[in-house]
Amino acid sequence: MFVQQLINGLTTGAAYALIALGYTMIYGILGLINFAQGELYMCGAFVAVLLLASGQVGFVGAFLAGMLAAALLGVALERVAFRPLRGSHPLVPLLSAIGASIFLQSLALLLFGPSDRPFPVQFEFRTVELAGLPVSTLQGLILLTALGFMVLLLAFVKYTTYGKAIIACALDRDTARLMGINVDRMVALTFFLGSALSGAAGILMAIYYNATYPRMGLLPGLKAFSAAILGGVGSIPGAILGGLLLGVAESLGAGYLSSGYKDAVAFVILILVLLLRPQGILKGKGH
Amino acid sequence: MLTLKSVQAGYGRLVVLKGVSLHVRAGEVVTLIGGNGAGKSTLLKAVCGLVPVRRGVVEFAGQDLTRLPAERIVSLGLALVPEGRRVFASLSVAANLELGAFHRRDRQQVRRDLEELMARFPLLRERAGQPAGTLSGGEQQILAIARALMSRPRLLMLDEPSMGLAPKMLAQVYEILGELKRAGTTLLLVEQNARAALKLADRGYVLETGRIILQGSAAELQEDPEVQRAYLGKGYREVWE
C-alpha cells in the first residue's frame, strides 16, 4: 500500500507543485499572494473540457487552449485587480485577490452551473509493473506531463534572457529598470507563465478525478499555497519540492490515518511550517 | 551631451535638488562632489528617471529625458553604475553581464562585447558561472561597471564607485575609469572621495544641500581653499587652531 499511496501522492502533489509555482513566482516579483490561483486552475480545466466536449478540437489542442486561457485570464487579473493597487498597503492586493477568487468562482457557477462535468475523453489506463511496483499508466502520464512543465519552467528561468530578467526584477526592481527591463512587462510575463501552469494542473486533475466544477480550484489552490510556504515562498525549486512533499504527506495521511483527515494534513503542515520554519525548507525570498 | 537646467527633484514632500544646472560635454570626465545628503545620488536618479523631475529640464543628446521612464533611457546611450553596485546577487556573473545588454538587439555584437570585456577583466571570466553575490565588494564594483558597459553607453554615470573599497581595489577601479577616459568615454562621476575623482576629472561641480555651490576645472577645484578644507581634508590644523 505504501508505494501505491506514494504514487497517488506524487500525482496530486505534482498538480500542487504546478499551482505553487504560480504563487511563488508572483510572490517573488510582486511580493503578493495571488489567492485567485485556484480559479486559474479551474479556468484551464473548464476551457479544455468544453472544447473537447464540442468535438471540434483534439486533445492536445484543447489542453494547450486551456493553458492559454488560464494564462490570459491571469494577465487580465493582474491588470484589473493588482496593477492599480501597486504601492498600496500589502493587505489591499490580498483582499483584491480574494475578491477576484470569489468573483471568478461565482462567474463559473453562473456560466456552467454547479454540477460536475466528466472529462469528455475516456483514457484507457491499466496498471503496469514498473521495477516491481504497480503503476497506473494514467498516473504515470500525469506525473510525467507535470514534471515536464516544471523542467520547462526551470530551463526558461535559468537559460533565457527573459527568465533572468524576471529574476532581476524580483531581486532589485530599480536596477532592473536601469538595464532597460520593463518591469510591467516582466510582471505580465510572470502572470502568464504562472497561470498557464495552474491551468495545466487543472486539466490534469480534471482528467485524474474525472470531474470539473466551479469550486474545484478552492482546495487545490489553498493546498498549493501551503506547498509554496512549505517549500519557501519565492523559491522556484521550493515550490516543486513543497508541492510533491505535501501531496505525498496528504496521501499517506489518508492511507494510514483516515481518508477523512486528508484535507486536514495540508493545513496542519502549513501551521507547523509557519510556527517552526516560516522561511520554508529552501529559504524563500523575504519581502 | 547632458544638460540639466534648474532641476528640482525629491521624494514625497522632501525636496532634495533645489534647482541644479550642469552640463557634460562629449568626451569629458565631469565629477560631482559633495558630502552625505547633498543630493548627488538623487541627481543621478533624476537623470535616469528613477526619481521624477518636478521642475526643470534634463536633456541628453538633444532629447528631453524629463518624462521618460527609466527603462527607456538606457537605450539612448545613458548608463548608470548605481551606488552600492547593486549587482543581481543570486544571478551568475555572466547573467549580470547579459542583462546589461538587455535592450540591445545586435546579438552578435553583444557576444563580441562580452568576449572583449571578459578578456579585459579576467576575473569576470574566471567567475562567470558564480553567483554575483559571492564576489568581493571590489569585484562586484568591476562587475557593475562591466555590466553598464555592456549597454554600450555614450555617457557612463557612476555613483560613488569607491564606496567601501580597500585602497588596492580603489586604485584598480580608478585605473579602469582612467582607461575608459583615454578611450574617449564620457563620464559623470559622483564621489565623496574628492581626491580620487578630481585627479581623474576634467571639470567638477560641488553640490551642497541640493545646490551647486562651486564649479570649475578639476585643477581649480583642487586649489580651491573651501574644497581643500571640506573635501580634501587639507588644513584641518589651521581650522582647529
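Student: How many helices and how many strands are there in chain B?
Tutor: In this model, which is a predicted one, chain B has 11 helices and 10 strands. Chain A, by comparison, has 11 helices and 2 strands, and read along its sequence the pattern is α-α-α-α-β-β-α-α-α-α-α-α-α.

Student: What makes the radius of gyration of chain B agree with that of a compact globule?
Tutor: The rule takes 2.2 Å times the number of residues to the power 0.38. For the 241 residues of chain B this gives a value near 18 Å, and chain B has 18 Å, so the two agree. The C-alpha atoms of chain B fill a box of roughly 55 × 40 × 35 Å along the principal axes, and 44% of its residues count as buried.

Student: Why is A:Leu270 called partly exposed?
Tutor: A residue is buried if 20 or more other C-beta atoms lie within 10 Å of its own, and exposed if 12 or fewer do. A:Leu270 has 19 such neighbours, and therefore counts as partly exposed. A:Leu270 belongs to helix H11 (residues 262-276) of chain A and, leaving aside neighbours within four places in sequence, is in contact with A:Ser226 and A:Ile229.

Student: Why are E6 and E10 of chain B said to stand at the edges of their sheet?
Tutor: The open sheet has 6 strands in the order E6-E7-E8-E3-E9-E10, with mixed pairing. Strand E6 (78-81) and strand E10 (211-217) each have a single partner strand, so one side of each is left without a neighbour in the sheet. Neighbouring strands are turned by 15° against each other on average, direction ignored.

Student: How do you know that E9 and E10 of chain B are paired?
Tutor: Two strands pair if at least two bridges are found between them. Strand E9 (residues 203-208) of chain B is joined to E10(B) by 6 bridges, and the two run antiparallel. One of the residues involved is B:Gly204, whose bridge partner in E10(B) is B:Gly216.

Student: What span is expected for helix H7 of chain B, and what span does it reach?
Tutor: The expected span is 1.5 Å times one less than the number of residues. Helix H7 (residues 167-182) of chain B has 16 residues and reaches 22 Å from its first C-alpha to its last, close to the 22 Å expected. After H7(B) comes B:Gly184, whose phi is positive, near 90°.

Student: Which element supplies the largest share of the side of chain A that touches chain B?
Tutor: In all, 15 residues of chain A are in contact with 19 residues of chain B. Helix H6 (161-171) and helix H7 (173-178) of chain A each supply at least two residues of this side, and H6(A) gives the largest share, 6 residues. The residues on the side of chain A that touches chain B divide into 7 nonpolar, 4 polar and 4 charged.

Conventions: Residues numbered from 1 in each chain as written. Chains lettered and ligands numbered in written order. Predicted model: local features only at pLDDT ≥ 70, side-chain atom pairs only at ≥ 80, totals over all residues. Contact = placed C-beta atoms within 7 Å. Helix = DSSP H or I, 4+ residues; strand = E, 2+ residues; numbered from the N terminus. Nonpolar A, V, L, I, M, F, W, Y, C, P; charged D, E, K, R; others polar. Axes fitted to C-alpha atoms, helices over the stretch in contact; angles between N-to-C directions.
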